Amino acid sequence: MFDINAVNMAIKGDTKSFETLYDNLSLELYKYAYYILGNEHDAEDVVSETFIEAMKGIKNLKHPETFKSWMFKILSARVKRKISTYVRDKKNMDLDDASAMALGTEDFNTVENVMLQKALQEITPEERSILLLSTVQGYTTKEVAGMLELPQGTVSSKLHRTLKKLRKMME
């Protein structure tokens with residue numbers, strides 16, 4: 001949970017408070033973006049763009065306690081735009097590229113992690129979003145539903161089906 005005072009101060013234009021919020025949330029946003037996009041550079045870009053957009057619009061945030069989910073909504077929109085550019089430019093990363101990138105990264109050098117990276121690339125972006133927000137970031141299905149603007153029942157069923165699909169892929 002964020003310090004509501006820091007959010008309130010950021011809403012009033014205090015840049016130091018916004019920097020504190022950035023320090024507290026940037027890694028979490030980056031991890032989410034990286035797992036969805038599978039590309040370090042693009043993940044860094046969308047996180048930067050998210051914070052720029054948030055800094056410009058924070059004065060319009062009505063409920064400071066929703067700051068974190070508001071940030072994930074902005075990030076989610078940026079990630080979707082980036083995926084659209086992949087499709088439009090026909091630059092979709094194939095599974096071999098994802099594997100090579102995973103092998104080149106210290107944190108992803110085990111066979112299981114390479115398999116997981118491949119499996120994550122095979123599911124839809126929406127499935128990845130639901131899965132990562134729920135399992136990696138620890139949000140409830142209700143919170144994920146709010147962030148992605150989907151019905152909670154849809155999030156629950158997609159999460160269940162996605163986990164089942166990943167288990168089969170990992171066998």
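Trainee: Are F18 and F51 buried or exposed?

Mentor: Both F18 and F51 are buried. The word buried stands for under 20% relative accessible area, exposed for over 50%, and partly exposed for what lies in between (1.4 Å probe, protein chains only). Keep in mind that this is a predicted model, where local features need pLDDT of at least 70, side-chain atom pairs count only at pLDDT 80 or more, and totals for chains, interfaces and linings use all residues. Residues are numbered from 1 along each chain as its sequence is written, and side-chain values use heavy atoms, with hydrogens and water left out.

Trainee: How many aromatic pairs does a search of the whole structure find?

Mentor: The general idea comes first: a pair of aromatic rings is described by the distance of the centres and the angle of the planes. Rings of Phe, Tyr and Trp (its six-membered ring) pair if their centres lie within 6.5 Å; planes under 30 degrees apart are stacked, over 60 edge-to-face, and the rest tilted. Searching the whole structure gives seven aromatic pairs. Take F18 and F51: their ring centres are 6.1 Å apart and the planes stand at 85°, so this pair is edge-to-face.

Trainee: Which parts does the pair of F18 and F51 tie together?

Mentor: Here we need helices, which are DSSP runs (H or I, at least four residues; strands are E, at least two), numbered from the N terminus. F18 belongs to helix 2 (residues 15-37) and F51 to helix 3 (residues 40-57), so their pair ties together parts 33 residues apart in sequence. Y22 pairs with F51 too: with centres 4.5 Å apart and planes at 70°, the pair is edge-to-face. Since Y22 lies in helix 2 and F51 in helix 3, this pair ties together parts that are 29 residues apart in sequence.

Trainee: Why does Y22 count as partly exposed?

Mentor: Because its relative accessible area is 36%. F51, by contrast, has a relative accessible area of 5%, so F51 is buried. Y22 also has a C-alpha 9.9 Å from that of M55, although the two are 33 residues apart in sequence.

Trainee: How many residues are in the largest nonpolar core?

Mentor: A nonpolar core is a set of buried Ala, Val, Leu, Ile, Met, Phe, Trp, Tyr and Cys residues joined through side-chain atoms within 4.5 Å. The largest one holds 43 residues, and F67, F72 and L75 have the most contacts inside it. Among the elements giving two or more residues to this core are helix 4 (67-89) and helix 7 (125-136). Helix 2 gives the most, with nine residues.

Trainee: Which residues does L132 touch?

Mentor: Contact means heavy atoms within 4.5 Å. L132 sits in helix 7 and is buried at 4% relative accessibility. Setting aside residues up to four places away in sequence, L132 touches Y32, Y35, I36 and Q137. L132 and Y32 are 100 residues apart in sequence, yet their C-alpha atoms are 6.7 Å apart in space.

Trainee: What does the side chain of E127 reach at 2.9 Å?

Mentor: Polar contacts are pairs of N or O atoms within 3.5 Å; within protein, one must be able to donate a hydrogen and the other to accept it, and residues adjacent in sequence count only if both atoms are side-chain atoms. E127, in helix 7, reaches the backbone nitrogen of T124 with its side chain at 2.9 Å. A polar contact of 2.9 Å also joins the side chains of E127 and K165. At 13% relative accessibility, E127 is buried.
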